Amino acid sequence: MSLLPLDDPTPPPPSTPPASASAAEERRRPSASAATRRALALLPLLFLSVWAALDWHTVRDGVARLATADPWWLLAGLLCTYLGAVAAACVRQGAITDRLPPGALLASQIAAGAANHVLPASIGAHAVTLRFLRREGVPLNRATASIALYSLVRAVAKVPLLLVFVLAAPTAVPPVAELFPQGRALFLTAACLLLAPVAVAALFVVARPLRRPALDFVRTALTDARRLHTRPARFLPLWGGAAAAPLLQACVLACVGTALGVPLSWSQLLFAFLAASTAAGVVPAPGGIGPIDAALVLTLAGYGAPLPLATATVIGYRVLTVWAPLPPGMLVLSAMVQRGRL
């Protein structure tokens, strides 16, 4: 019989929780991405609250003036506002070769319209659209190329509309000399038009690391634009929606003017909006608020509308195009962020 000490029994291996229990614990623990998504979903509502607090007097005065207007014309103007989101969705789909889900695309443009009133120069709308396209699997270079094509087509499409009004309704058009800036404004406009391409060319020459990405972007944009214009299912909604979008916005102004009894014809109201938005579009502002408003008031007063009535018309236009669709747009934006579509 051995007198050696007995070996200690081997300790049992540490018990590990079942896989199902650990998985359930992981599901209960909120991830950082989910918390970030919830925070981003509440951010638009925070912007809405801050905006309402800062611009409360405008909202109150606009609603008070609209209380005496014809409600049916105001309802027609609100319908034109939401039809503008449909036109924007058509342009977005026409600017890219990939087929996008129609419902989600329309929702993204409603959300983009709300974001457009937070950041200047349509940065908010383009950011929402870029995020949506990336979520749909569109590569970054082609997504940015589609946004550039969208912006270009929206700017170019106003020119034929103005020409149509000049030819079809010459009585609604003021003298040509009044459409162009004069004096110091003319000098500043010409300087901006001349210096902008010079600044872009200088940046392209000086910043050598930007050359290759810029050339790749231009090559992708030209390739996609050429491919889109060979497909009627793309270039028809692209140019048709781009022409319909400013016309629908002009119809909102005309509906508000008719509801308030502005002594101007519809052709004059439509042309006033197209001319004022084209002239003030070069000034970056959130949703165009500010420059377009001043240009609209001056244009309507130049047509002979009383200044208080012209101001009330522009305030009513802003209520229908900004404040009425802003709460639903922010809710749609929050819902799309919460569901991971943005």
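The expected span of a helix is 1.5 Å times one less than its number of residues; helices are DSSP runs (H or I, at least four residues) numbered from the N terminus. The model is predicted: local features need pLDDT of at least 70, side-chain atom pairs count only at pLDDT 80 or more, and totals for chains, interfaces and linings use all residues. Residues are numbered from 1 along each chain as its sequence is written, and side-chain values use heavy atoms, with hydrogens and water left out.

**View A. Helix α11 and the residue after it.** The 29 residues of α11 (residues 232-260) reach 41 Å from first to last C-alpha, close to the expected 42 Å. Gly261 follows α11 and has a positive phi, near 80°.

**View C. The aromatic pair Trp73 and Trp266.** The structure holds 2 aromatic pairs, defined by ring centres of Phe, Tyr or Trp (its six-membered ring) within 6.5 Å. The centres of Trp73 and Trp266 are 5.8 Å apart and their planes lie at 50°, so the pair is tilted, that is, neither stacked (under 30 degrees) nor edge-to-face (over 60). This pair links helix α4 (residues 71-94) to helix α12 (residues 266-280), across 193 residues. Trp73 is partly exposed at 32% relative accessibility, the class between buried and exposed (over 50%).

Notes:
Helices (H or I, at least four residues) and strands (E, at least two) are DSSP runs, numbered from the N terminus. Buried means under 20% relative accessible area, exposed over 50%, partly exposed in between (1.4 Å probe, protein chains only).
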